[in-house]
Amino acid sequence: MDLDKDTALGKPREVFRLPTDLTACDNRLCASIHFTSSTWVTLSDGTGRLYVIGTGERGNSASEKWEMMFNEELGDPFIIIHSISLLKAEEHSIAILILRIEKEEQDMKGSGFYVSLEWVTISKKNKDNKKYEITKHDILRGKSVPHYAAIEPNGNGLMIVSYKSFKFVQVDQDLEENMDEDMSEKIRVEPLYYWQQTEDDLTVTVRLPENSVKDDVQVQFLPDHINIMLRNCQLLEGKLYSSVDHESSTWIIKENNSLEIFLIKKNEGLTWPELVVGDKQGELIRDSAQCAAIAERLMHLTSEELNPNPDKEKPPCNAQELEECDIFFEESSSLCRFDGSTLKTTHVVNLGSNQYLFSVIVDPKEMPCFCLRHDVDALLWQPHSSKQDDMWEHIATFNALGYVQASKRDKKFFACAPNYSYAALCECLRRVFIYRQPTPMSTVLYNRKEGRHVGQVAKQQVASLETNDPILGFQATNERLFVLTTKNLFLIKVNTEN
């Protein structure tokens with residue numbers, strides 16, 4: 001099975017052309033397209049206009065030109081993340097997830113921007129009425145672009161993998177009117193405080209409103225309790241994770257309108273997983289030295305062998321230090337499911353150190369799968385909206401792929417074949433790496449180090465494209481890899497048809 005540049009493609013044929021009179025737009029995005037079903041397509045032109053197109057049964061070379069069934073201006077520029085086609089009680093509808101970055105209405109702390117993920121449904125009420133119109137428009141807000149977001153096939157829910165959490169907001173919600181509401185009801189997309197720790201102490205930083213003075217702030221220290229008040233309103237109060245030397249703890253107001261609190265640990269060397277027990281409003285910041293120390297503590301968990309034998313005299317541990325590229329200490333992402341009718345979160349899974357790698361459609365009737373790193377391997381998970389008890393099914397493993405991909409600093413796109421026969425990633429320019437699943441060996445092969453027979457072997461291959469144009473798109477089928485650059489579409493034949 002060799003890698004071939006594949007030229008066995010029919011001649012391209014134009015099926016749809018965006019209108020030429022696109023409105024001038026300063027912050028225009030790239031156009032984005034999503035193949036909703038075998039007969040429908042959703043398209044964004046990058047200026048804020050949404051198109052829904054009837055394509056007829058695609059794959060038939062004699063199929064007619066695509067027909068525009070809906071187009072409407074939806075405000076600021078956006079990209080399309082996902083879409084599905086639904087038919088319920090004679091009513092056809094298309095649910096679309098769009099994403100845009102928006103500026104905060106007011107000068108709040110943080111980046112000044114938030115991510116808006118919008119669930120838009122367009123429907124045709126009956127067969128006689130040809131006109132499609134927007135029947136539902138719900139908005140989620142968060143502070144990070146989601147790794148993965150998809151609507152369930154039945155339209156009853158939404159699943160999101162993201163670093164920062166998302167919350168549904170009302171379309172006409174005026175944030176200023178709600179500023180005085182209870183803090184738990186407010187949209188909190190930025191941490192209330194940041195904290196760091198060493199072996200001996202903790203530093204807590206709280207952002208204050210402009211022109212705050214010392215008299216506005218009261219901080220009460222007890223051996224295992226802290227209470228922070230701002231202008232007689234409680235900012236933070238609760239039981240500390242462990243005891244502190246409250247008499248030596250201090251606080252100051254810095255010039256940049258921040259309150260800095262220093263706590264001295266009673267139990268030196270104890271690592272605190274949280275500052276205040278049960279409080280989720282803070283964010284822990286780790287420095288590189290702490291990351292290295294944690295990596296050292298985790299060293300015994302890394303294995304040199306794929307299936308280590310724990311009964312051997314020599315324990316299966318990696319005596320070398322973890323490579324720098326292999327240490328993954330991004331604050332953990334979470335997988336959330338939202339109910340489509342109540343807009344409430346029904347499931348939350350903390351992914352911990354299971355780094356998100358990519359998503360792929362294995363079965364068009366199901367949601368896209370997502371691939372996560374689990375130690376050295378990469379595991380593919382299929383979401384099932386219909387199974388409440390078994391909502392995420394492990395369907396494939398790519399051995400050692402989690403470890404191998406970590407060293408690829410310039411990786412841009414990641415994909416795998418729908419039949420799991422190989423995974424592939426590409427860099428920003430030229431190089432494409434292909435990792436095949438282990439296959440049985442036709443010849444006898446021995447591992448000289450261990451003196452055992454090797455029955456199967458996994459191949460890794462590199463394809464180098466004959467261009468210096470940047471890679472813009474990457475798609476894998478069971479037989480071929482499609483690689484799009486600014487000027488060409490490259491086809492790499494990875495597997496033979498059988």
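Predicted model: local features only at pLDDT ≥ 70, side-chain atom pairs only at ≥ 80, totals over all residues.
Visitor: Which residues make the nonpolar surface patch, and what is its area?
Guide: Val145 is one of the residues in that patch.

Visitor: In what order do the 4 strands of the open sheet run?
Guide: Let's walk across by pairing. S2 and S3 pair antiparallel over 3 bridges, with His34 standing opposite Thr42 in S3. Next, 5 bridges join S3 (residues 40-44) to S4, also antiparallel, and S4 pairs with S5 (residues 67-73) over 6 antiparallel bridges. That gives the order S2-S3-S4-S5.

Visitor: Which are the edge strands?
Guide: An edge strand here pairs on one side only. That picks out strand S2 (32-34) and S5.

Visitor: Which residue in the turn of the S3 and S4 hairpin has a positive phi?
Guide: The hairpin has 4 residues between its strands, and Ser44 stands opposite Leu50 in S4. In the turn, a positive phi of about 90 degrees belongs to Gly46.

Visitor: How many of the 6 residues of strand S4 are buried?
Guide: S4 (residues 49-54) pairs with S3 and with S5, where Tyr51 stands opposite Asn71. The strand is largely enclosed by the rest of the structure, because the buried count is 5 of the 6 residues.

Definitions and conventions:
Residues numbered from 1 in each chain as written. Heavy atoms only, no water. Buried < 20%, exposed > 50% of the residue type's maximum accessible area, 1.4 Å probe, protein only. Helix = DSSP H or I, 4+ residues; strand = E, 2+ residues; numbered from the N terminus. Pairing = 2+ DSSP bridges. Patch = residues over 30% accessible without salt bridge, like charges linked within 9 Å, V, L, I, M, F, W, Y side chains within 5 Å. Areas by Shrake-Rupley, 256 points an atom, 1.4 Å probe, with all protein chains shown as cover. Salt bridge = Lys/Arg side-chain N within 4 Å of Asp/Glu carboxyl O.
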